[in-house]
Each structure stands twice: as structure tokens, then as C-alpha cells.
Amino acid sequence: MIHPVRPISIDDIEQARERIAGTVLRTPLVRIDTGDKREIYLKLENLQPTNAYKIRGAANAVAKLSDEERARGVWTISAGNAGQGVAYAARAFGIPSTVVAIETAPQTKLDRMRALGATIVPVSYDDAWVAAETHQFPGLESTFVHPFDNHDFIAGHGTMGLEILEDLPGVKTVICAIGGGGLITGVGSAIKGKRLNVRVLGAEPETAAPYALSLREGGPRKFPDWQASFVDGAGGKSVTERMWQRMRPVTDGAITVTLDQTRDAMRLIAERSRTIAEGAGALALAAALTEEAREGPIVCVVSGGNIDLAKFAELVAG
């Protein structure tokens with residue numbers, strides 16, 4: 001059943017925080033020296049148990065299911081991080097999980113999902129997107145946990161926004177990568193629910209920037225020149241109508257960055273924070289370093305660090 005879109009309230013997010021407290025880390029917010037005068041901080045979600053923020057939403061969504069829904073097991077769609085989050089939460093409840101995995105997912109993410117007990121069903125990006133839009137996949141009868149278009153999943157992500165406001169009350173801008181849109185909707189709902197004057201910006205790669213296009217054209221659009229890249233955890237082919245309804249009220253714009261800028265940000269995060277960010281995890285910092293981001297304090301959500309180490313070394317060394 002596809003439920004109508006409704007706003008994510010502060011009460012939803014506060015309840016999610018209580019529900020996931022034993023599963024999810026309160027990640028650190030650390031200032032990064034970028035070599036200029038701007039005040040930029042990293043919200044290090046790459047330090048979560050699954051090395052990505054998706055565990056917040058997954059833990060809340062699976063916990064909110066009824067006993068009957070959980071008894072059927074759960075399935076989701078993922079390029080890796082959502083799949084790990086759902087598999088982690090499913091394992092905690094002792095139920096089976098299946099991940100319809102986009103075939104371009106890095107091996108390290110596939111290995112982690114399997115290690116958490118998930119059954120992997122590899123599919124093309126297009127088939128995965130159809131499943132995401134229709135909320136169904138042939139042959140799967142377990143309970144679907146949508147990786148971004150799910151009220152409880154998004155409310156779980158909103159807990160990050162509460163932490164940011166508590167740790168940095170003077171924040172002026174928060175930047176999140178956009179893939180499906182669940183991350184920025186959750187964080188934006190928390191930020192705007194508490195502090196309307198704080199800007200919430202999206203970050204997308206030049207190869208896949210449907211939200212920036214949608215903002216320019218005034219409605220949800222498909223990105224015409226989409227290309228696969230190492231930024232596999234963000235940058236969708238399109239913005240769905242439902243996610244447009246979710247994102248638009250809680251965001252103030254989007255910044256598009258190049259792949260070279262993203263690589264530079266991956267390198268800078270490694271050098272200055274001694275943590276690893278995957279491509280999607282570095283998008284927010286890449287955006288923060290542009291002129292469009294303006295003055296700080298700016299918080300960049302480092303959404304994940306799941307990347308093959310050899311690939312990471314190749315990217316940052318190049």
C-alpha cells in the first residue's frame with residue numbers, strides 16, 4: 001500500500017530518536033580546515049555501524065512495522081547503503097531480508113549486505129527505479145521498506161538534523177547529497193521544524209543532477225544526460241512526484257559539482273579528518289567549497305564511506 005505524502009513532524013523525528021537510540025550512533029560534528037576563512041563542519045555519518053546514514057531510517061522503519069509485517073521478512077532496493085541498513089535492522093529482529101541491488105553497486109557493499117544476512121537480487125538501474133516507483137518487484141512477497149520514499153525511513157534520518165542543531169546552534173547552512181531525496185527530506189524537516197532561517201541545500205554530481213534541474217523548471221524532471229559514475233550512492237535519474245512533494249518545502253536550493261570537485265573533497269576529508277568518504281559522502285563538502293554555499297557555519301553531511309579501498313586510493317591519488 002502506498003500511503004499519501006505528509007510532512008515529517010518534529011514529533012515523528014523525536015520518537016524515531018528514542019526508537020533507534022540503541023542501534024544508531026550519535027555521530028561527531030568536527031570542524032575541517034579547508035584552507036580558507038569559512039567555517040565548515042563535517043557530520044561524520046561514515047562512522048555509523050554500517051558506515052552510512054541509512055541505518056537511521058532503516059532501524060526506525062523496521063522497528064515501526066507490525067509483528068505480522070516483520071514476520072514476512074523485509075526487502076528493499078539499494079546501491080548498497082540502504083541495503084546494509086535494512087539488513088542490519090532485520091538481523092536485529094531475527095527476520096530475513098532481501099535486497100534488490102543495483103548491478104553497479106561496489107563489491108564491498110554487496111559483500112557487506114551478504115555478511116549481514118541479506119539475499120541479493122541483482123538488477124539494472126532502470127529495473128530498480130521501476131521498483132522504487134511502483135513499490136513492488138516480481139517474486140517478492142515480503143514487506144517492502146522503501147529506501148527513500150517512506151515516512152518512517154525519512155523520520156529516522158531527521159534525527160541527524162536534531163543532533164546538528166544541538167551541537168552547532170549557530171549553523172547557517174546544512175548541505176546533504178541527493179540521491180532519492182530521503183536524506184535531505186529528513187534532515188531538512190528537522191532543521192526547518194526548529195530553525196526556519198537555516199538554509200538546507202542539496203548537492204548533486206554533474207552527471208546526475210535531477211533535483212537542480214527540477215528546481216530550475218519548477219517541477220519533478222528526469223535528468224536527460226544521466227551517466228553512471230563513482231558517485232553511486234547519489235545522483236538519481238529523476239525526481240519522482242512524491243519526492244518532489246517531500247523535498248521542495250524543506251530545501252532552499254541545490255548545488256551541482258563536478259566529479260573532479262568530488263574527488264578533491266574525498267581527498268580533503270581523508271587528509272583532514274582521517275576518515276574515508278565514498279563519492280556520495282563527499283558531495284556535500286564539494287558543494288560547500290563553491291561560491292554558491294556562501295558563508296558559514298556550514299555543516300556537510302558525510303553520508304557514507306562504503307567504497308572499495310583500491311577504488312578509493314585510485315580516485316584520491318589521481
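This is a predicted model: local features need pLDDT of at least 70, side-chain atom pairs count only at pLDDT 80 or more; totals for chains, interfaces and linings use all residues.
View 1. If you follow the chain from strand 4 through helix 5 (residues 107–115) to strand 5, you trace a right-handed β-α-β unit.

**View 2. Strand 4 also pairs with strand 3.** Strand 3 (residues 74–78) lies parallel to strand 4, with 5 bridges between them. One place to look is Ser-78, whose bridge partner in strand 4 is Ala-101. Here too a helix takes part: strand 3, helix 4 (residues 81–93) and strand 4 form a right-handed β-α-β unit.

**View 3. Strand 4 is covered on both faces.** Ser-97, Val-99 and Ala-101 are buried on one side, and Thr-98, Val-100 and Ile-102 are buried on the other. Because 6 of the 6 residues of strand 4 (residues 97–102) are buried, the rest of the structure largely encloses this strand.

**View 4. Helix 8 spans residues 182–194.** From the first C-alpha to the last, this helix of 13 residues reaches 19 Å, close to the expected 18 Å. Helix 8 is largely enclosed by the rest of the structure, because 11 of its 13 residues are buried. Among the buried ones are Gly-182, Leu-183 and Ile-184. Its buried residues pack against several neighbours, including helix 1, helix 7 (151–167), strand 7 and strand 10 (298–302).

**View 5. Ile-175 sits in strand 7 (residues 173–177).** Ile-175 is buried, with a relative accessibility of 0%. Its contacts include Leu-201, Gly-202, Ala-284, Ile-298 and Cys-300. Take a look at Cys-300: along the chain it is 125 residues from Ile-175, yet the two C-alpha atoms are separated by 5.0 Å.

**View 6. Thr-27 lies in the loop between helix 1 (10–20) and strand 1 (29–32).** The side chains of Thr-27 and Glu-45 are joined by a polar contact of 2.5 Å. Other residues that Thr-27 touches include Lys-43, Gln-48, Arg-56 and Glu-163.

**View 7. Ser-9 is found in the segment before helix 1.** Ser-9 counts as partly exposed, at 30% relative accessibility. Gly-22 is 13 residues from Ser-9 along the chain, and 22 Å separates their C-alpha atoms.

Key. Residues are numbered from 1 along each chain as its sequence is written. Side-chain values use heavy atoms; hydrogens and water are left out. Helices (H or I, at least four residues) and strands (E, at least two) are DSSP runs, numbered from the N terminus. A polar contact is a pair of N or O atoms within 3.5 Å; within protein, one must be able to donate a hydrogen and the other to accept it, and residues adjacent in sequence count only if both atoms are side-chain atoms. Contact means heavy atoms within 4.5 Å. Buried means under 20% relative accessible area, exposed over 50%, partly exposed in between (1.4 Å probe, protein chains only). The expected span of a helix is 1.5 Å times one less than its number of residues. Two strands pair if DSSP finds at least two bridges between them. A crossover is right-handed if, with the strands pointing away from the viewer, the path from the first strand over the helix to the second runs clockwise. Lists of a residue's contacts leave out its neighbours within four places in sequence.
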